[in-house]
Amino acid sequence: MRQPIVDFDRDEAGDWRAILACGHRQHLRGLLSNLVYGGLIRRRPC
Ligand SMILES: [Zn+2]
């Protein structure tokens, strides 16, 4: 099931994470982070 992204935070290493509606966190790395900032948020099944 796809889970909407409800928020973002950063982990201890400073890497961005998306917080999904189900409560899981998904790391956003490299170019993917740039896509998020550009509005193209990639959603994956949890
Ligand atoms: Zn989940």
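**Confidence.** I began with the mean pLDDT of the protein, which is 76, with 61% of its residues reaching 70 or more; pLDDT is the predictor's confidence in each residue, from 0 to 100. This is a predicted model, and I kept to its rules: local features need pLDDT of at least 70, side-chain atom pairs count only at pLDDT 80 or more, and totals for chains, interfaces and linings use all residues. My residue numbers start from 1 along each chain as its sequence is written.

**Elements.** I found one helix and three strands, taking both as DSSP runs numbered from the N terminus (helices H or I, at least four residues; strands E, at least two). Along the sequence they follow the pattern β-β-β-α. I then compared confidence by element: β1 has the highest mean pLDDT (90), and helix α1 (residues 31-37) has the lowest (59). A reminder to myself: where pLDDT is low, the predicted coordinates should not be read in detail.

**Sheet.** I traced an open sheet of three strands in the order β1-β2-β3, with antiparallel pairing; two strands pair if DSSP finds at least two bridges between them. From one strand to the next the twist averages 30°, using axes fitted as lines to C-alpha atoms (for helices over the stretch in contact) and angles from 0 to 180 degrees between N-to-C directions.

I counted five bridges between β1 and the antiparallel strand β2 (residues 16-20). Opposite R17 in β2 I found D9, and opposite W16 in β2 I found R10. Five residues lie between the strands of this hairpin, where G14 takes a positive phi near 90°.

**Burial.** Which share of the 46 residues counts as buried? I got 4%, with these cut-offs: buried means 20 or more other C-beta atoms within 10 Å of the residue's own, exposed means 12 or fewer, partly exposed is in between, and C-beta atoms are placed from the backbone. In strand β1 (residues 5-10), zero of the six residues are buried, so the strand lies largely in the open.

**L20.** I ended on L20, which is found in strand β2. L20 has 18 C-beta neighbours inside 10 Å, so I logged it as partly exposed. Its C-alpha atom is separated by 5.7 Å from that of P4, although L20 and P4 are 16 residues apart along the chain.
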